[in-house]
Amino acid sequence: MAEVQAEMVANVWKVVAAQGDTVAVGDTIVILESMKMEIPVLTEDAGTITDLRVAEGDVVQEGDVIAVID
Amino acid sequence: MTVIDNRTATGSARALSTEEPADPRAPRIRLETLFDDGTFRPLTAEDKSGALAGSGRIEGTPAVAFASDPRVQGGAMGAAGCEAIESAYDAAVRERVPVIGIWHSGGARLAEGVESLHGVGKVFAAMTRASGVVPQISVVIGPAAGGAAYGPALTDIVIMSQGGRVFVTGPDVVKSVTGEEIDMAGLGGPEPHGRRSGVVHMVAEDDTEAVARARRLAVLLGHQGRLRQAEVSDVDMAHVLPESPRRAYDVHPLIDDLLDEPGLELHQKWAPNMVTLLGRLGGRTVGVMANNPLRLGGCLDSLSAEKAARFVRMCDAFGVPLVVIVDTPGYLPGVGQEHGGVVRRGAKLLHAFAEATVPRITLVTRKSFGGAYIAMNSRALGATRVFAWPTATIGVMGAPAAVRVLGRKKLAAVPEEERPALEARLVTEYEETVGGLDRAVELGVVDEVIKPAETRTAIARAIAEAPPARGNHGNIPL
């Protein structure tokens, strides 16, 4: 089990993946908006998204879990 | 321990090896693996000192190395073993060649008491004297604990294999003092040191890969080569940038385009918003430093500034030209950053660049704003040459953000529906008068606007035309 975390304070601009999706290393889970930039958050682990904890418009803090991949 | 000449050492080693069949952990075996076949010559005797030193060649490049001997007291460092390491350093400094340490040591020898501590301290002093004089590479294959932890830490580049463990005090002591329960790998293995502490520059899958990386680094730093401009052809790097200027992207493909072949990245997972990497351009070793917009939007922050500062100083100390690729929205705002010393650590990067004498070329691909603009090898800090792509914007902040501050009153005075049009007009005016790439060229802070398709040759030419230079300083592990 691996967690995809937010690296910085940001708005969740787009949720690209969905719970239950199978993902490969480097796939985009969400796109955050911060520092006037759209920053894709990629997974470093392959597997299935068992938990997707954010929705578009949410604010995430540094270290917040975005998704859990099993 | 006695220092002996090569002939005797080779003879006695043969006698020893017939008695004891090869143990893969034996320092002699590890050193023979590190050097080109048949080139290893011991500098010290194969005895119970706990370390063996020797010289040899790596892809033909001369180098010196030493290895701890985990078969004797777990590789613990006593006075004699420390002398062996010192003799490796003496030889490396005398010959001006890289020195590589293969670490597998539990620390200072308990049985020798303060004598072993004194010996370990002398090793640290030898490492510091050699700092910036010859490249120092450490390969941590087993534990490097206690005193042995600081051996690798004082060197320029630390490679850790999967079995490597670096810590000052082990899990048992940690538990008895703080109550924290953690195993050796969790405390000081590749994961914490590669990602969180920054102690380790490179994590290798296994010992073979760790040694292979040390070999490549020794050649990159020990035999830097001459830049052959004629062999540098252009690649159109434009494909790397996304269509939207707001969209973050991974900078690695751009670096791959720039170099002859993929380089060796240092601190890949630690402070990944700044990429630091050694590779070759036109056959010559160069250091590449790049903001990575995919991580933290490419912001500079306290860790990445410190990482970059150390890299700049290492390259400068060894005469490795730098290529600095800039796409950063600025410094990362936040309480954590300020309290974490972003000012103190950011100052290290300013200092590192301002004192560097090595040729250093800047390429601004997209954004370069504020304090981060200055820190990323700006003209003011002494950049040899500053290039910008036509897509570049340079300023205190982006034009729209600047206009919202400067034109706040004007914008507030008009009805809301007219604001977007007014803002657009103010942005154009701002770019014409203050911002914009043309102004940067006019001021001389950008030398030339170049196309992505002519970048490789432009950077190669700028390095080739700059007089070679090398900083006269050590490489303190910042």
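Predicted model: local features only at pLDDT ≥ 70, side-chain atom pairs only at ≥ 80, totals over all residues.

Colleague: What does B:Arg295 form a salt bridge with?

Modeller: B:Arg295 goes to A:Glu7, and the closest N and O atoms are 2.4 Å apart. B:Arg295 sits in the loop between E11 and helix H11 (302-317) of chain B, while A:Glu7 is in the loop between E1 and E2 of chain A, so this pair joins two chains.

Colleague: And how exposed are B:Arg295 and A:Glu7?

Modeller: B:Arg295 is partly exposed, with a relative accessible area of 24%. A:Glu7 is also partly exposed, at 29%.

Colleague: OK, stay with the interface. How many salt bridges are there between chain B and chain A?

Modeller: The count is five. On the side of chain B that touches chain A, the residues split into 11 nonpolar, two polar and seven charged. There are also six residue pairs in polar contact between the chains, counting pairs with both residues at pLDDT 80 or more.

Colleague: Which residues are linked in a network of salt bridges?

Modeller: A:Glu33, A:Glu38, B:Arg246 and B:Arg247. Within that group, B:Arg246 bridges to A:Glu38 with the closest N and O atoms 3.3 Å apart.

Colleague: How much area do chain B and chain A bury between them?

Modeller: About 1,400 Å², with 57% of it on carbon and sulfur atoms. In chain B, B:Arg246, B:Arg247 and B:Leu294 lose the most area to chain A, together 41% of what that side buries. Chain B puts 20 residues into the contact and chain A puts in 13 residues.

Colleague: Now inside chain B. What does B:Glu355 form a salt bridge with?

Modeller: B:Arg313, with 2.8 Å between the closest N and O atoms. B:Glu355 belongs to helix H13 (residues 342-355) of chain B and B:Arg313 to helix H11 of chain B, so the pair ties together parts that are 42 residues apart in sequence.

Colleague: Is B:Arg313 buried or exposed?

Modeller: B:Arg313 is buried, with a relative accessible area of 12%. B:Glu355 counts as partly exposed at 28%.

Colleague: And what about B:Glu191, which residue does that one form a salt bridge with?

Modeller: B:Arg195, where the closest N and O atoms are 2.9 Å apart. They are four residues apart in helix H8 (residues 190-197) of chain B, so about one helical turn separates them. B:Glu191 is partly exposed at 40% relative accessible area, and B:Arg195 is partly exposed at 28%.

Colleague: Switching to sheets. In what order do the strands E1, E8, E6 and E3 of chain A come?

Modeller: They form an open antiparallel sheet in the order E1-E8-E6-E3. Strand E1 (2-5) and strand E3 (22-23) are at the edges with a single partner strand each, so one side of each has no neighbour in the sheet. Strand E6 (residues 47-52) and strand E8 (residues 65-69) of chain A are joined by three bridges, and A:Leu52 is opposite A:Ala67 in E8(A).

Colleague: What about the order of E5, E4, E2 and E7 in chain A?

Modeller: That is an open sheet of four strands, E5-E4-E2-E7, again with antiparallel pairing. The edges are strand E5 (37-42) and strand E7 (59-60), each with a single partner strand, so one side of each is left without a neighbour in the sheet.

Colleague: And in chain B, which residues lie on the two sides of strand E6?

Modeller: Strand E6 (residues 157-160) of chain B has B:Ile157 and B:Ile159 on one side and B:Val158 and B:Met160 on the other, all buried. Strand E5 (residues 136-145) of chain B runs parallel to E6(B), joined by four bridges, and B:Val140 is opposite B:Met160.

Colleague: Last one. Where is B:Ser131, and what does its side chain reach?

Modeller: B:Ser131 is in the loop between H4 and E5 of chain B. Its side chain reaches the backbone nitrogen of B:Asn475 at 2.7 Å. B:Ser131 is buried, at 12% relative accessible area, and beyond four places in sequence it touches B:Gln136, B:His473, B:Gly474, B:Asn475 and B:Ile476.

Notes. Residues numbered from 1 in each chain as written. Chains lettered and ligands numbered in written order. Heavy atoms only, no water. Contact = heavy atoms within 4.5 Å. Buried area = accessible area lost by both parts, 1.4 Å probe. Salt bridge = Lys/Arg side-chain N within 4 Å of Asp/Glu carboxyl O. Polar contact = N/O pair within 3.5 Å; in protein donor to acceptor, adjacent residues only side chain to side chain. Nonpolar A, V, L, I, M, F, W, Y, C, P; charged D, E, K, R; others polar. Pairing = 2+ DSSP bridges. Buried < 20%, exposed > 50% of the residue type's maximum accessible area, 1.4 Å probe, protein only.
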